Amino acid sequence: MARLIDRWQPSESVVLGAAALVVGLASGGGVWLFKQLIEIVQKVAFEDVGGFLEPLGAWTVFLLPVLGGLVVGGLLHFFIDEERYHGVAGIMGSVALAGGRLRYKVMPFKAVASAISLGAGASLGPEDPSVQIGANLGSMFGQLLRLSDERVRTLVAAGVAGGIAAAFNAPIAGVFFALELILGELGSGAFGVITLVAVISAVVTQALSGPQPAFRVPSYSFYSAWEFPLYLGLGLLAGPIAALYTRAIYAAQDAFNGWHIPRWTKPVVAGLIVGLVGIRLPQIFGVGYTTVERLLGGITPGVGLLLILLVAKLLLTAISIGGGFLGGVFAPSLFLGATLGAAYGTIMHQLFPTVVVVPAAFALVGMAAVLAGAVHAPLTAIILLFEMTNDYRIILPVMFAVAISLFVSRRLQEESVYELGLARKGIRLERGRDVEVLEGITVSEVMQKSGNSLKDTDTLAHAAEVLMRTRHHGLPVVNEAGALMGILTVQDLERGQSEAGKMLKTVGQYCTRELLTAFPDETIGTALRRMGARDIGRLPVVARDDMTKLLGVLRRSDLVRAYDIALSRRAAFRHRAHQVRLGAVSGINVEEFSIEPHSRAAGKRLSELQWPHQSVIASIRRGRRLIIPHGDTVLQKGDTIVAVVEGDAADIISAMCRTDREQIG
C-alpha cells in the first residue's frame, strides 16, 4: 500500500507546474477584477459624486481626491501596516531576502485601496498593484504548498509576469520584466514557469477584455537615417527626466515621513494638492491613459501645455506616493515620456521642416525611453512598445533612444526607482542576489587619500630615502603644478642605481610614464583585476574628468581593509535578510534598534532589562557576527538588535536603546 501511495505522489516539478497554471489563471482574473474596480470607483467619484457637486461649480472637482484620500487613509490605519518598501521594491526585497514570502493576506485590502486611489484621481498607475496581485498569488500558493524557497521565488516572479501580461496584454514584456527586475537574470532556470504563467494570464485577459493592448497605437514608420540624431536628442532628454522622477518620489516620501501628523491624514493632504492642480489640469487625474492615447493618435496640444503637464505629472506622482496613496510608478513614467516626446517632436518639426517628423512617433519612443531610464529595464521597455505596436519599423528608434536614456539616467542616478528604495535601507541587489564581496566596495572608500608623492625634480637619492622611510615599493610622481606624470618604483630606482653617477639624476628621467590608474567610483573588484593583469602592487587614483589629477593611491595592503569592510557589510546584509524573513513569516512588525553609548541597554544583560510584554528579541548583530540572544547576552554599544514588536513596544525599546542624557550629565 505504501508503494502504491508513493507511486501516485506527484513530484515537486509537477506541483510547481500545476501551481503555475493556477497562478496564471488567478493573475489574469485578479487583474481584470482590479481594473473593473478602478472603473467602478472612477464612475462613482467623477460621475455620481462629481455630478452631484457640479452645480456648485467646476472647482469642486478638487474634493474628489480629498475624499478618496480620506477613505484610503482609513484603510491604511485599520487594515494595512506601514510598509518598509514601496510596491515592486518590496517584491524584489522579498525574493532576494525572504525566499519570496509575501504577506499575501493584506493584498485584498491593498488592491481595494489602490483602486480607490486611482479611481479618485491620485496621479499613479495600475501596473504596480497588478504586479503585486500576481506576486502575492504566486507567494500564497508557494507557501500553502510548502514549496522550497527557490520554488516560491519562481512562483512570485511568474506572478509578476502574469500581472504585467494582464495589465498591458503584453505577455512577452511580462516575462522580461520578471527576469530583468525580480530574478535579475535572463538565463534563469525558471524561464519555463514564468512564460507559462504570462501566457495563461494573457489568454485570460484576452478572453475577458479582448485582444487589444493597453494603448491603441497607430503604426508609424522610420523614414530616413536623418531622424536618428533627433532620437538621440530625445534620449538625452529622457535620461535626466527619469533620474529626476526617481529622486522626486523619494524626496516626497522623506518630506511626508518627516511630517508628524496621523498617518491617515497624509493621503488627505496629498489628495488636496492633487485636486487643486487638477482644477486647471484635469489630465493629471488618475492613470492618464486617455491623454497618452490622444498624443499617440496625433492629437497634440501646444508645447507649453505639454511641458506643464510633464512637470505637474512628475511632481504630483511623487506627492501621491509620498502622501500614502497606493499605486504604481510605471504608468506615470509612460505619461512623462509621451508628453516629453510629443513636445520634443513638435519642436523638431518646426525646426526641421524638410525632415519628416511625426510628433506622435516621438511620443511613443519617449514612453519607452523614460520608462527604461526610471526602472532600468531596457528589454522590458523595448518589448512592451513592440508588443503594443506590432510594428518592427519603429523598433530601431526605440532601441536607440532607450540605450541613450538608460546610459544618461544611470550616470545621474545609479539606482532605479525600485532599487533606490532598497538601497536607502542598506540593501543593494545585483542579479537579484547579494553582490560579490569586493564588488560592493569602491576605490574611494579604501584608497590612501593623503599619501606621499615625489616631484619630477627630486633626485634619485632623495627618492631612495623617501621609499626607505615610508617602506613603499613605489610612489606617484607629480610636476610642480601637482599634475600626475608617472610612478617611480623600486625597479626604476634600481635601474638608475646600476648606472654609475646617476643618483643625482632626477626622478622625472626614470619614472614609469605608461600608467594603469583607477577611478574613485570603481569597485575594488575591478581595480584588483587590473592590478593582477600586470602584477603590480599599486594604482594611482585619478579623477575621471582629469586623468592628471591625483586623488590618492590604492595599494595591495588596502585590499585587506576592503575585504574586512565587505565582510562587515555582508554580515549586515544577512542580518537584514534575517529581519525581512522573520517579518514575512511572522506577519507582524519587525524593527531594528541600535544600542547607543550611555543608553539604559548598553552594558546590560538581556535578563536585566524590562522588555515590553509585546516584544521578542530575535537577533543581535555585532560587527560581522550574528548572535542568537539568550538571557546572559550582554548588549554592547554599537549592537543592532532585531525585535518582533506589537503596539507601543517599539517606542519603549527605542527609548531603552537611545543615549541617556541624564547619565551623561
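In this predicted model, the side chains of Glu 150 and Arg 153 meet in a salt bridge, with an N to O distance of 2.9 Å. Both residues belong to helix α7 (residues 149-168), where they are three residues apart and therefore separated by about one helical turn. The count of salt bridges comes to five, and that of aromatic pairs to nine.

**Salt bridge within a helix**

- Glu 150 is partly exposed, at 42% relative accessibility.

**Salt bridges between separate elements**

- Asp 521 forms a salt bridge with Arg 544, and the closest N and O atoms are 2.9 Å apart.
- Asp 521 lies in the loop between α22 (507-510) and α23 (524-534), and Arg 544 in the loop between β6 (538-543) and β7 (546-555), so this pair ties together parts that are 23 residues apart in sequence.
- Asp 521 is partly exposed, with a relative accessible area of 45%; Arg 544 also counts as partly exposed, at 42%.
- A further salt bridge joins Arg 622 to Asp 639, with 2.7 Å between the closest N and O atoms.
- That pair links distant parts of the chain, 17 residues apart: Arg 622 is in strand β9 (residues 615-622), while Asp 639 is in the loop between β10 (625-627) and β11 (640-645).
- Arg 622 is buried, at 19% relative accessibility, and Asp 639 is likewise buried, with a relative accessible area of 1%.

**Aromatic pairs**

- The count of aromatic pairs is nine, and one of them is formed by Phe 79 and Phe 109.
- The rings of Phe 79 and Phe 109 are stacked, at 4.7 Å centre to centre and with 5° between the planes.
- Phe 79 is in the loop between α3 (63-78) and α4 (88-97), whereas Phe 109 is in helix α5 (residues 107-119), so the contact ties together parts that are 30 residues apart in sequence.
- Phe 79 is partly exposed, with a relative accessible area of 42%, and Phe 109 is partly exposed as well, with a value of 32%.
- Phe 256 and Trp 259 form a tilted pair, because their planes stand at 50° and the tilted class lies between the stacked limit of under 30 degrees and the edge-to-face limit of over 60; the ring centres are 6.3 Å apart.
- Phe 256 is buried, at 7% relative accessibility, whereas Trp 259 is partly exposed, with a relative accessible area of 41%.
- Phe 168, Phe 177 and Phe 330 are linked into a cluster by ring pairs.

Technical notes: Residues are numbered from 1 along each chain as its sequence is written. This is a predicted model: local features need pLDDT of at least 70, side-chain atom pairs count only at pLDDT 80 or more; totals for chains, interfaces and linings use all residues. Side-chain values use heavy atoms; hydrogens and water are left out. Rings of Phe, Tyr and Trp (its six-membered ring) pair if their centres lie within 6.5 Å; planes under 30 degrees apart count as stacked, over 60 as edge-to-face and the rest as tilted. Helices (H or I, at least four residues) and strands (E, at least two) are DSSP runs, numbered from the N terminus. Buried means under 20% relative accessible area, exposed over 50%, partly exposed in between (1.4 Å probe, protein chains only). A salt bridge is a side-chain nitrogen of Lys or Arg within 4 Å of a carboxyl oxygen of Asp or Glu.
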